[in-house]
Amino acid sequence: MNILIRIPNWLGDAVMATFAVEILYQTYPEAHFYLVGSEVSCELFSHYPNTTLLIDNSKKQRFRIFYLYTLAKKIPPCDIALTFQNNFLSALFLFFNGAKERIGYNKEMRSFLLTKAPKKQANLHEVLHFSSLIKTLIPNTNLSPKLYLRKPPLDITLPKHWQNQKIAGINAGAAFGSAKRWKEEYFAEVIAFLLDKNFKIILFGVTSENAINEKILSFLPPNPKNILNLSGQTTIQSLMAYIQKLHLLITNDSGPMHIAAAFEIPTLAIFGPTNEQESAPFNAKNAHIISLKTLHQALYCQPCKKRICPLPKVSKGFHACMIDLKPTFIIKKLQSLISNI
């Protein structure tokens with residue numbers, strides 16, 4: 001049996017799809033899976049058994065539809081094919097493969113390409129959006145609704161003097177856009193507080209976020225023994241391994257936030273333009289969201305869900321959902337969290 005899954009491109013969305021993916025893997029343990037997505041989302045599943053990964057670079061191609069046709073034909077015609085994307089081309093990709101069952105949401109006038117095309121429900125967490133698609137094929141499952149990211153077979157080594165020490169991770173980036181990013185000087189203030197509480201600090205980020213972490217460090221005294229800057233130095237697999245070493249993660253709404261939720265790492269997530277109902281850390285008892293909304297100071301424009309704050313930069317309200325969320329609020333929440341670590 002062959003199963004094709006067009007996984008989401010964004011890292012966080014790919015993690016949120018793991019409940020749905022796990023239902024398929026456990027329902028069809030003898031099947032071979034073909035996962036298609038971005039390089040980042042594919043790497044998330046690179047240690048999964050019976051799995052072939054194919055990276056979709058069609059956005060970079062001059063003849064995108066022909067590229068997708070060629071890519072689809074590299075995969076044997078599948079018994080089941082699903083797309084977790086809502087665009088027309090992802091459904092066309094399943095059609096090109098010739099899969100018997102083709103499942104995706106009824107979006108962008110693409111239902112004629114699919115054999116099952118339910119309507120997407122409003123006001124539902126993304127994890128449940130993904131798993132609802134699976135329920136059109138598998139109505140019942142014994143799996144509890146949570147994130148099922150499998151631990152990578154990879155061990156990483158921390159500095160010797162970090163042994164038996166409390167470790168906090170800081171993820172100050174957000175690939176989706178600047179609107180989700182808390183200010184660097186605010187992160188620096190929180191790091192100073194954690195260092196004073198004898199925490200070791202790991203800074204996470206992709207290569208393009210080097211400048212963010214460098215700016216954070218510029219607000220702090222040099223502290224090479226207690227701060228490890230991993231900007232641009234991790235793969236997705238090693239990122240997962242490092243996150244498993246943490247006692248605490250402080251993060252914007254991002255892929256690493258969802259990885260921490262999957263591994264049940266205590267997390268403090270800083271939200272501004274995000275709709276918490278749709279993409280909060282899913283069923284994560286150790287995760288806490290802090291935003292102006294949770295502080296009962298919500299702005300009229302929240303959640304806008306925009307990549308960049310749509311308000312004029314000269315206006316008083318520009319990016320206020322993050323700027324008005326001061327470090328004192330986060331530190332106050334941390335004081336109660338770290339007492340349990």
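F19, A20, I23 and L24 in helix α2 meet V127, F130, S131 and I134 in helix α6, where a contact means heavy atoms within 4.5 Å. By class, this contact of α2 with α6 has seven nonpolar residues, one polar residue and no charged residues. Here Ala, Val, Leu, Ile, Met, Phe, Trp, Tyr, Cys and Pro count as nonpolar, Asp, Glu, Lys and Arg as charged, and the others, Gly among them, as polar.

The model is predicted, so local features need pLDDT of at least 70 and side-chain atom pairs count only at pLDDT 80 or more, while totals for chains, interfaces and linings use all residues. Residues are numbered from 1 along each chain as its sequence is written, and side-chain values use heavy atoms, with hydrogens and water left out. Helices (H or I, at least four residues) and strands (E, at least two) are DSSP runs, numbered from the N terminus.

Two packed helices are described by the angle between their axes and the distance between the axes. For α2 and α6 (residues 126-135), the angle is about 25° and the axes are 7 Å apart. Axes are lines fitted to C-alpha atoms, for helices over the stretch in contact, and angles run from 0 to 180 degrees between N-to-C directions. The two helices α2 and α6 are therefore roughly parallel to each other; angles under 35 degrees count as roughly parallel, over 145 as roughly antiparallel, 65 to 115 as roughly perpendicular and the rest as oblique.

Helix α2 (residues 18-27) also lies across strands β1, β2, β3 and β4, running at about 160° to β2. These strands belong to an open sheet of five, in the order β3-β2-β1-β4-β5, with parallel pairing. Two strands pair if DSSP finds at least two bridges between them. Strands β3 (51-55) and β5 (101-103) stand at the edges with a single partner strand each, so one side of each has no neighbour in the sheet. From one strand to the next, the twist averages 15°.

Within this sheet, five bridges join β1 (residues 2-6) to β2 (residues 32-37), and R6 stands opposite V36 in β2. Strand β1 also pairs with β4 over four bridges, in the parallel sense, with I5 opposite L82. Three bridges then join β4 to β5, where L82 stands opposite I103.

In a regular strand the side chains alternate between the two faces of the sheet. In β4, I80 and L82 point one way and A81 and T83 the other way, and all are buried. Buried means under 20% relative accessible area, exposed over 50%, and partly exposed in between (1.4 Å probe, protein chains only). N2, found in strand β1, counts as buried at 19% relative accessibility. Leaving aside neighbours within four places in sequence, N2 is in contact with H32, Y34, P76, P77, C78, D79 and I80.

Six bridges join β6 to β7 (residues 199-204), and the two run parallel. The bridge partner of A168 in β7 is I201.

L239, M240 and I243 in α9 meet P256, I259 and A260 in α10. By class, the contact of α9 with α10 has six nonpolar, no polar and no charged residues.
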